[in-house]
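Hello,

Here is the structure I promised to pass on to you. Have a look at it first, and my notes follow just below.

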Amino acid sequence: MTKPNLQVALDNNTLESALEDVREVGSIVDIVEAGTILILQEGTKAVSSMRALFPNKTIIADTKCADAGGTVAKNMADAGADWMTCICAATIPTMKAANKEISEIQVELYGNWTREDAQQWLDAGITQAIYHQSRDALLSGGSWGEKDLNKVKMLVDMGFRVSVTGGLSVDKLALFEGVNVYTFIAGRAITQADDPAKAAQAFQDELKRLWGE
């Protein structure tokens, strides 16, 4: 089983602070994400700046696109993004339009979605999904549990490359041991740590311990 990727999510309010954060950890993580908050504040400049700093990294634009998929995806691709997120409530035509303009689309899972929905995404040629515990849900007292693990396993078994995100810390990674997770996404656990580089390396070390090199 391949070691999962580590992705840093940059949900900063300013490009300046995002660049400060990513300079500290960009060489340690596998994937760099221009987060939704950052893109809403700074636009495509957020993506192009990440691309300029890390020309050989996978760069994700976390747009959570719900409509105008082709236009949004082209804008993000032109700025240097490899992949872009679509919210699971987006229509299949929106996702297909986006998928034509960028290397890959990731479906970000919030709220109520079904196995039938997931099969439609696969049938549309989309093979990446992000299983998400939302920031608001976690702040309301939610936590990772068996029901989340079962949904992740279902998506993996269906053929998705599944990323997992939402309030992750190093000690929570063991919950997923033995599951073929594609990427773990961490934001504040890395960027708001006293030593972000040390925090990112701790994630990588634990991923290697649990999944091997």
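Let me start with the second largest pocket: α8 gives the largest share of its lining, three residues. Please keep in mind that this is a predicted model. The volume of the second largest pocket comes to about 170 Å³, and of the 11 residues lining it, Gly111, Tyr131, His132, Gln133 and Lys151 are the closest to its centre. Two elements, β6 (128–132) and α8 (146–158), each contribute at least two residues to that lining. Sorted by class, the lining holds four nonpolar, four polar and three charged residues.

Next, Ser163, which sits in strand β7 (residues 161–165). Is Ser163 buried or exposed? Its relative accessible area is 1%, so Ser163 counts as buried, the cut-off being under 20%. Leaving aside residues up to four places away in sequence, Ser163 touches Gln106, Ala129, Ile130, Tyr131, Tyr182, Thr183 and Ile185. Tyr131 in that list is also among the residues closest to the centre of the second largest pocket.

For Gly26, the separation from Phe54 is 28 residues in sequence, while their C-alpha atoms are 7.5 Å apart in space.

Best wishes

Note on methods. Residues numbered from 1 in each chain as written. Predicted model: local features only at pLDDT ≥ 70, side-chain atom pairs only at ≥ 80, totals over all residues. Heavy atoms only, no water. 1 Å grid on protein atoms, 1.4 Å probe; cavity = no way out; pocket = protein on both sides within 12 Å on 5 of 7 lines; lining within 4 Å. Points joined across faces, edges and corners; volume = space filled by probe spheres on them. Helix = DSSP H or I, 4+ residues; strand = E, 2+ residues; numbered from the N terminus. Nonpolar A, V, L, I, M, F, W, Y, C, P; charged D, E, K, R; others polar. Buried < 20%, exposed > 50% of the residue type's maximum accessible area, 1.4 Å probe, protein only. Contact = heavy atoms within 4.5 Å.
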